[in-house]
Amino acid sequence: MHALHLVGYFEPFQLTWRYLFAQLVAGLTLGSLYALMALGYSMVYGILKLLNFAHGEVFMIGSYIGYFVLTALGGSANPSVPVALLLVLMFGAAMIGSGVLGVVVERFAYRPLRRAHAPRIAPLISALGVSFCLQQLASIFFTTQYKQYDPFGLSGGTLTTPFSIGAFQISWMQLIVILTAAFLMVVLTQLVTRTQIGRAMRATSYDLEAAAMMGIDVDRVVVFTFFVGSALAGAGGVMNGLYLSNTFPLVGFNVGLIAFTAAVVGGIGSIPGAMLGGLAIGLAKAFAIGYWSSAYQDVIVFCILIVFLLIRPSGIFGVPAPEKV
Amino acid sequence: MKKLRAVLGAAIVLGIAAAAASVAGAKTGSTAVTAAGPSCKKATIGVTGPFTGPAASAGIDQRNWADLFVSYWNSGKPIPGTPKSLKRVKLAEIKADTQLNPQVAATVAVQLRANKAVLAVVGFSGSQENVAGGPILRRGGLAFVSGSATRASLTDPSTPDGHVLSNGFFHRVVPNDNAQAAVDVTFLTKKLGIKAGETVMTVDQAEAYSVPLITLATQLLQKAGVKVDRQSQPATQTDFTSLAQKAVAEGAKAVMFAGQVASNAQLFLQQLKADGFNGKWISTDGTFDSSKFTVPGAYISSFSLDVHQVKADAAIVADFKKRYGDTISFGAPTWVATQMIAHAISLACADGRVTRSEVRADLNKVKLSTSLLGRPIAFQKSGDVQGGISFTIFQIGSDGKYNVVQPG
C-alpha cells in the first residue's frame with residue numbers, strides 16, 4: 001500500500017530505468033569528487049587527529065592551477081597540445097602544486113603547534129585561519145570572478161555529450177572523473193597497504209608516540225601524508241573544473257564541507273570509509289535532486305548525516321575510540 | 001635558529017599581507033575619504049558597485065558610465081534631459097567596491113555616511129546590498145539611487161525590505177521584478193508559444209534577488225495553466241547535472257533561470273543541451289554578461305536597453321567606447337542615476353548651500369524630459385521610477401552577441 005502511494009508520488013519519467021541510471025551516474029561522478037577530498041581529511045585525521053579545514057582551499061588552489069595550465073595551453077576550445085596530454089599536464093601540475101601547498105601549510109601552520117604540544121583546539125583554529133587566508137588571497141589575486149574551464153569546448157564537445165549503453169547514459173567526462181578517482185583510490189590503497197611508507201603511515205596512525213619510539217621518522221610520515229592527501233585534493237580540483245566548469249575562491253569551502261561530512265559518515269580516519277562516504281553523499285545529492293527537489297538537497301544530505309551518526313556515531317568503518325583509564 | 005625561523009615566517013606573512021593589501025587597494029580604486037563638509041563648489045557623491053567579484057563585468061560597466069557622466073557634467077557637455085539653463089554644480093566621486101556582497105555594502109555605507117562631504121550615493125547595485133547598506137545610509141540622511149536593484153519589495157513599505165529602507169531615501173531608475181516576471185512570462189507564453197499543460201522548469205539561486213522573482217514568475221505561469229517544476233540551487237553549487245536530466249526527462253518546454261552568476265547560466269544551459277534539451281531558455285538580468293554567457297539561442301531579459309540602438313546616444317556611446325571599450329549596456333541606467341543626483345544637487349545649491357536633506361527633497365523634483373535611455377525619467381513617492389524603460393528581451397546570436405528581440 002505504502003509502495004503504491006510512493007509510486008503515485010513520482011512522475012512516470014522518474015520511474016524509468018534510464019532516469020534512475022542517469023541519477024546513478026550523476027551521483028557517482030559527484031561522489032568521486034567528494035571521495036577524493038574526503039580521503040585527504042581522513043588521512044590527516046587518522047595520523048594527527050587534526051581536522052584540516054584548509055583542505056578545501058588546497059582543492060581550490062588545485063582547481064586554479066588546472067585552469068591556469070589549461071589557459072596557458074590555449075584553452076579548451078583550441079588547445080595547443082593533444083587533449084590527453086593537456087589533461088595529464090593539468091592533473092600533474094595541480095597535484096604537484098597542491099601537494100607542495102599541503103606540505104607548506106603543515107610545515108608553518110601545524111608542525112610548530114604539534115612540537116609545542118599545543119592543546120588540540122589550537123591546530124584546529126590554525127587550520128581555519130589558513131583556510132580563510134587562502135580564500136582571501138585567492139579572491140585578491142585571482143578575483144572572485146568565476147573562471148570557466150569550458151569543458152564543453154574540449155574535443156568539440158564530444159567529451160561532454162552522453163552516449164548510451166542500453167538504458168545507461170554516460171559522457172566521457174563523467175567516465176574520466178569516475179575512472180580517474182577510482183584509479184587514484186586504488187593507487188592510494190596499494191601505497192598504504194604495500195609500501196614501507198604506507199606501513200609507517202599505518203603505524204603512526206595507530207600510535208604516533210610509539211611509532212616514533214620504534215624509529216619511524218614521524219615528521220617525514222606526516223609530510224608525506226599531507227603531500228598525498230593534498231595531491232588528491234588537487235586532482236579533485238581539476239576534476240571539479242572539468243566536470244562542473246567553474247572555479248572560484250569559495251569552491252573548496254563548499255566541496256570541502258560536504259567531503260568532510262563524507263569522511264565522518266565513512267568513519268573519519270578510514271580510507272575505504274572516506275571513499276564510501278563520498279560516494280554515498282554524491283548519490284544522496286543526485287537522487288534528492290532527481291526525485292525530490294534541488295531546494296532540499298542539502299537538507300536531505302545533512303539529515304542523513306545526523307540520523308546516521310545517531311545510529312552509528314563512529315561512521316561506516318570507524319572504530320569507537322577505546323576508553324583509556 | 002628557531003628565532004631566525006620565526007622572524008622569517010613573520011616576514012613572509014607580512015609580505016603576503018602587504019602585497020595583498022596593495023593589490024586590493026589598486027583593484028577597488030576607492031578614493032580617500034575626506035573630512036570636509038558638503039560643498040556647492042565641488043559636490044561629493046558616492047559611486048558604489050561590484051567592481052570586483054562575480055558581477056564585476058556588470059559593476060565595471062556601471063562605474064564607467066558613472067565616470068563618463070561626471071566627466072560630461074563637469075566639462076559642461078550636452079547631456080540628454082539636462083536643460084542648458086541649469087547651473088551645474090561640479091561633482092567629485094568617491095568610488096567604493098561592494099563586490100555584490102551585503103556585508104561589504106554595509107561597511108561601505110558606514111564609510112560614506114561618516115564622510116560629511118558626501119551628499120548622495122549612486123547605488124547600491126544589488127537588491128541584497130540595498131537591504132544591508134540602505135538603512136545605514138538612511139540613518140545618515142543620504143539619498144541613494146540604484147541603477148540596477150530590481151527587487152520589488154525594496155519600495156514597498158508593507159514588506160520587511162521596504163520597511164527598513166523607508167520611502168524617500170532609496171530610489172531606482174530601473175523597473176522592478178514584478179514587471180520583469182510579467183514581461184518574461186508573457187514572452188514565454190505569447191512569443192515562444194508555451195501552452196497550458198506544458199512544463200516549464202523555473203530555477204532560482206537561493207538568494208534574495210532570484211527567489212522572489214522566480215516565485216512570482218512561477219505563480220504567473222501557473223495562472224496561465226502551465227505546469228511548473230520549481231527548483232532552487234545555491235549559486236555556489238555548480239552541479240546542474242541532475243537538474244538538467246530532470247528537465248529533459250520531464251519534457252520541459254522551457255527553463256527559466258534567475259541568478260547573478262552568468263557562468264552558472266552558461267554551465268546549466270550547456271549541460272541541458274548536452275543531455276538533449278531542445279526547449280527554450282530565458283534567464284534574467286543577473287546573467288546579462290556577453291563575456292560569460294554565450295550559448296546561442298538563449299533569451300535574456302534585462303532592465304537596460306541596448307544603448308547602441310538609441311540614435312540620440314550615438315555620440316556618447318562612441319565616446320564611451322573610445323575611453324573604456326565596448327559597453328554591455330548594463331551600466332547605462334547608472335549614468336541616469338548619477339544624472340538624477342547631479343541635477344538634484346544643482347537645484348539644492350541654488351542658494352549656495354547644500355545639505356543631504358535638501359538633496360533628498362530635490363531629488364523628487366527632478367523630472368528629465370528625456371534621458372540616455374531614450375525616455376523621460378522622474379521618481380514616484382515610493383522611490384520607483386516613473387516613466388523609464390521596461391524590460392528588454394535579448395537573444396544570443398551565433399556570434400555571441402546579444403540581439404534585441406523585444407525592446408523594453
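Modeller: The term needed here is pLDDT, the predictor's confidence in each residue, from 0 to 100. Chain B has a mean pLDDT of 88, with 91% of its residues at 70 or more. Over residues 18-34 of chain B, however, the pLDDT is below 50, and this stretch has 22 contacts in the model beyond near neighbours in sequence. Two residues are in contact if their C-beta atoms, placed from the backbone, lie within 7 Å. Where pLDDT is low, the predicted coordinates should not be read in detail.

This is a predicted model, in which local features need pLDDT of at least 70 and side-chain atom pairs count only at pLDDT 80 or more, while totals for chains, interfaces and linings use all residues. Residues are numbered from 1 along each chain as its sequence is written, and chains are lettered from A and ligands numbered from 1 in the order in which they are written.

Biologist: What ipTM and pTM does the predictor give the complex?

Modeller: The ipTM is 0.84 and the pTM is 0.80.

Biologist: How many residues of chain A are in contact with chain B?

Modeller: On chain A there are 32, in contact with 31 residues of chain B. Helices α2 (17-48), α5 (121-142) and α11 (271-291) of chain A each supply at least two residues of that side; helices (H or I, at least four residues) and strands (E, at least two) are DSSP runs, numbered from the N terminus. With 5 residues, α2(A) gives the most.

Biologist: And how do the residues on that side of chain A divide?

Modeller: They comprise 17 nonpolar, 14 polar and 1 charged. Ala, Val, Leu, Ile, Met, Phe, Trp, Tyr, Cys and Pro count as nonpolar, Asp, Glu, Lys and Arg as charged, and the others, Gly among them, as polar.

Biologist: Changing topic, what is the domain assignment of chain B?

Modeller: Domain 1 covers 34-175 + 309-387 and domain 2 covers 178-302, with bounds from an automatic or database domain assignment. Their centres, taken over C-alpha atoms, are 30 Å apart. In chain B, 16 residues of domain 1 are in contact with 13 residues of domain 2.

Biologist: Which helix supplies the largest share of the domain 1 side?

Modeller: That is α4(B), with 3 residues. The residues of the side of domain 1 of chain B that touches domain 2 divide into 9 nonpolar, 6 polar and 1 charged.
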